[in-house]
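Hi,

Here is the structure I promised to pass on.

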Amino acid sequence: MTVYPFHIEIPDGALADLKERLSRTRWPDAMEGGGWRYGTDLEFLKALTSWWRDRFDWRAAEARLNAFPQFVAEIDGIDVHFLHAKGKGPDPLPLIITHGWPSSVAEFTKLIPLLTDPESHGGRAEDAFDVVAPSLPGFGFSQRPCHSGMSSRAVTGLWTKLMKRTLGYQRFFAHGGDIGGGITNRLGRWKDAAAIHTMVAAPVADTKAPPPSDAEKAWLARVELWEKDEGAYGHQQRTRPQTLAFGLNDSPVGLAAWIVEKWQSWSDCGGDILSRFTTDELLTNIGIYWFTETIGSSMRMYYESAHDPRPESTAKIDVPARIFLTREDVDLCPPEYVARSYTDFSYGIAERGGHFLAAEEPDILAGDIRTWFRRFR
């Protein structure tokens with residue numbers, strides 16, 4: 001497998017093109033006082049666009065990302081981009097961490113130092129990790145697959161090959177949320193990872209024996225309501241992602257609106273997105289999608305995963321698992337539901353933070369990861 005160092009360097013022409021496109025935005029109207037109720041808030045997006053055009057320094061964001069050692073590995077014909085930060089403790093554990101949508105490895109820039117060098121951040125040197133943070137295929141700086149079959153299930157196999165064959169970690173551990181949480185669960189189910197830390201409880205095939213508890217019924221009802229109110233993006237991406245891709249790949253403001261709505265809605269921000277993320281953090285993530293032209297290919301993963309003909313195993317996950325949930329309604333499934341899918345598990349809830357926990361509360365997430373994996377050292 002070919003591995004080579006990688007350095008982010010967006011051409012000057014792409015930066016100039018972005019600025020020119022932003023200056024020609026044709027704004028829609030909006031309901032007076034609508035705020036975020038109808039979707040992305042018009043006034044917020046105008047301010048974000050103004051900052052993106054006139055004040056955001058992509059080169060500074062690029063430098064922050066390039067501070068992490070980066071590589072590209074060819075695995076099964078797919079070029080996979082990944083950060084690989086070595087731990088500074090006596091015997092670091094190898095840990096692969098996987099982002100979700102609409103996110104990128106930029107979400108992990110505050111988390112990684114807390115895991116690789118815990119002693120410098122109030123922790124213990126012996127809790128250090130070698131952190132591998134790949135960009136999902138079709139996301140960011142990984143290759144955009146243009147053939148069918150690149151589902152999240154297929155990515156799980158790529159991650160095992162990345163860790164074991166490419167990097168030589170025969171025993172490794174895994175963490176993830178959103179799409180990354182599903183991949184992490186599968187790494188546990190397949191017994192490729194020695195233990196896992198996930199922010200997504202594995203789906204349950206049989207909820208009838210024993211019958212669902214009142215807490216499970218209440219949670220499943222909340223999930224159904226969430227899907228009706230919030231899930232249109234997922235339905236579109238599972239069914240007709242290409243239709244969306246034409247507009248979002250051509251309009252940076254359209255792309256920003258599609259992404260930032262989820263960062264506002266899914267984070268623990270109380271409606272004020274800038275209370276959780278800086279404008280530069282939001283634009284770094286959006287910029288990765290824009291410059292790499294990966295919004296279409298990222299959405300296609302929803303389609304490929306929904307149409308993967310191979311049935312998922314319904315066996316319980318036997319490797320030790322930590323289920324660490326955030327306070328999104330759809331995430332707070334009760335422990336008795338979790339027990340249906342895991343043999344050896346620990347259940348916890350973050351005291352603060354939402355869907356993008358690595359960016360929102362990196363100290364809380366790092367602390368829980370360190371504590372959980374301590375038993376495997």
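This is a predicted model: local features need pLDDT of at least 70, side-chain atom pairs count only at pLDDT 80 or more; totals for chains, interfaces and linings use all residues.

Let's start with the holes. Rolling a probe the size of a water molecule over the atoms shows where empty space is left. Searching the whole structure this way turns up two cavities of 30 Å³ or more.

The largest cavity holds about 110 Å³ of space. Its lining is made of 18 residues, and Gly100, Glu107, Gly177, Asp178 and His355 are the ones nearest its centre. If you want to find the spot by secondary structure, look for strand S6 (173–176) and helix H14 (357–360), which each give at least two residues to that lining. Sorted by class, the lining has eight nonpolar, eight polar and two charged residues.

The second largest cavity has a volume of about 30 Å³. Around it you'll find His99, Ser104, Val105, Ser135, Phe139, Gly140, Phe141 and Ile288. That lining splits into four nonpolar and four polar residues, with no charged ones.

Now for the helices. Which way do H9 and H12 run relative to each other? The axes of H9 (residues 241–250) and H12 (residues 295–306) come within 9 Å and cross at roughly 165 degrees, so the two helices are roughly antiparallel. The crossing is right-handed. On the H9 side, the contact includes Leu244, Ala245 and Leu248, while H12 brings residues including Met299, Arg300 and Tyr303. By class, this contact has seven nonpolar, three polar and one charged residue.

Cheers

Key
Residues are numbered from 1 along each chain as its sequence is written. Side-chain values use heavy atoms; hydrogens and water are left out. On a 1 Å grid over the protein atoms alone, a cavity is a set of points where a 1.4 Å probe fits but cannot get out, and a pocket is an open set with protein on both sides within 12 Å along at least five of seven lines; lining residues have an atom within 4 Å of a point. Grid points are joined across faces, edges and corners, and a volume is the space filled by probe spheres set on the points. Helices (H or I, at least four residues) and strands (E, at least two) are DSSP runs, numbered from the N terminus. Ala, Val, Leu, Ile, Met, Phe, Trp, Tyr, Cys and Pro count as nonpolar, Asp, Glu, Lys and Arg as charged, and the others, Gly among them, as polar. Axes are lines fitted to C-alpha atoms, for helices over the stretch in contact, and angles run from 0 to 180 degrees between N-to-C directions. Angles under 35 degrees count as roughly parallel, over 145 as roughly antiparallel, 65 to 115 as roughly perpendicular and the rest as oblique. A crossing is left-handed if the near helix is turned anticlockwise from the far one by less than a right angle, and right-handed if clockwise. Contact means heavy atoms within 4.5 Å.
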